Amino acid sequence: MPEFISVTFPNASTELNPIPNASIDPEYLIRYARTLDDYGYNYTLVPYDSSSYDPFTIGATILSATKNIKIIIALRPNTLYPTVAAKALATLSQLGSGRVVVHFIAGGSDAEQAKEGDFLTKDQRYGRLEEYIRILRRAWDSDEPFDWEGQYYQFKQFSNRVRPTAKIEVSVGGSSDEAYRIGGSLGDIFGLWGEPLQETKEQIDRIYAEAAKAGRSDSDRPRIWVTFRPILAETDELAWAKAHRTLDALTTHRANGQGKAPANAPPPQNVGSQRLLDIAARGEVQDRALWYPTVTATNARGASTALVGSPQTITDSLLDYVDLGADLISVRGYDNLNDAIDYGRFVLPKVRQALEERKNEASA
């Protein structure tokens, strides 16, 4: 049975109705987190940006206000020394009775990395990430002080007395060869953006091949996480009308400098965004309902592929990815809170029901 992921929002600002200079609204943050809990989401991603809020503090707030949902802390290795991160994540694990995952961002933009003093090359950033993951695992598992003499980190006799309540799963994302290698060999979860079924299958095969190369069994290889931005309405016709209104708003905000990427932004540097733009150039709609104009409207900054349709169309589309091997499905809308509620009411139950019916039919 797949698990569902949302994304944490600290205030009511959205891509459709941006609130200039919006700050954290504690009441909204807690309401949003509890809504996810109430509607059966399994995880919420707490994202990272060089100019935005601290994910660890937001994560602790979510854990204190919810009962079931797990937090996925987005972490860039350049921002926190690994021994400190090991303790911080283990502290959250204790506070939340084990409801913690860490998602690593090696860094896809030189300019974004430079804002916080990171001037390594892309290959070096992935090399650092590999070392970072190994240090975290050692810090969480080791009963004895240990030394580390690596290429990127060196320390003597580190001792960690802050142990996770449960295993902290490590998530890696990306579409480059190094991302596949590190995620396939070391990750518990591998995150992909929503691409057409054929391209998604090719990526999953690459990840599994790297896992096998590292000596991992089928039962031990990473779980696959795929992300979409569904545009949902009562019927397919109404959903497409809503999709075009959404696109108009995204295009207008970008032209006015309020979008995720300025109108004159250079082409994205990371392979994942480049792949999305290349696919967008092939046509607006792929497979059942995978819609790509939202990709070009945002310059493929972050997860941006939409699934458009009625609850049944969205459900059928998500089941296609489950059949490919997706274990975790991220659904994040453009009207953040209302979309999260709609998915929780009309999509998540339908996907789960369909899979339960398949299971019953298979065992009959």
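**Group meeting: a strand residue, the barrel and the cores**

I'll start with Ser-6, which sits in strand E1, residues 3-7. Keep in mind that this is a predicted model. Is Ser-6 buried or exposed? Its relative accessible area is 1%, and buried means under 20%, so Ser-6 counts as buried. Its side chain makes a polar contact, at 3.0 Å, with the side chain of Tyr-32. Leaving out residues up to four places away in sequence, Ser-6 touches Tyr-32, Leu-36, Tyr-41, Tyr-43, Thr-44, Leu-45 and Val-331.

Now the sheet. E1 is one of eight strands that close into a barrel, and the order is E1-E2-E3-E4-E7-E8-E9-E14, with parallel pairing. On average, neighbouring strands in this sheet are turned by 30° against each other, direction ignored.

Ile-72 has Val-101 as its bridge partner in E4.

Two helices on the sheet come next. H7 packs on it and touches E8 and E9, with its direction at about 155° to that of E8. Helix H11, residues 311-324, also packs on the sheet, where it touches E1, E9 and E14; the angle between its direction and that of E14 is about 150°.

That brings me to E9. Which strands pair with it? One is E8, residues 189-193, parallel to E9 over five bridges; here Ile-189 has Arg-223 as its partner in E9. Another is E14, residues 326-331, also parallel and also joined to E9 by five bridges, with Ile-224 opposite Ala-326. E8, helix H7 at residues 197-213, and E9 together form a right-handed β-α-β unit. Strand E9 covers residues 223-228, and five of its six residues are buried, so the rest of the structure largely encloses it.

Last, the cores. How many residues does the largest nonpolar core have? It has 92, and the ones with the most contacts inside it are Tyr-41, Leu-89, Phe-104, Trp-140, Leu-318 and Ile-329. Helix H5, residues 122-141, gives the most to this core, namely eight residues. Apart from this core lies another, of eleven residues, including Ile-231, Leu-250, Ala-297 and Tyr-334.

Terms used: Residues are numbered from 1 along each chain as its sequence is written. This is a predicted model: local features need pLDDT of at least 70, side-chain atom pairs count only at pLDDT 80 or more; totals for chains, interfaces and linings use all residues. Side-chain values use heavy atoms; hydrogens and water are left out. Buried means under 20% relative accessible area, exposed over 50%, partly exposed in between (1.4 Å probe, protein chains only). Helices (H or I, at least four residues) and strands (E, at least two) are DSSP runs, numbered from the N terminus. Two strands pair if DSSP finds at least two bridges between them. A crossover is right-handed if, with the strands pointing away from the viewer, the path from the first strand over the helix to the second runs clockwise. A nonpolar core is a set of buried Ala, Val, Leu, Ile, Met, Phe, Trp, Tyr and Cys residues joined through side-chain atoms within 4.5 Å. A polar contact is a pair of N or O atoms within 3.5 Å; within protein, one must be able to donate a hydrogen and the other to accept it, and residues adjacent in sequence count only if both atoms are side-chain atoms. Contact means heavy atoms within 4.5 Å. Axes are lines fitted to C-alpha atoms, for helices over the stretch in contact, and angles run from 0 to 180 degrees between N-to-C directions.
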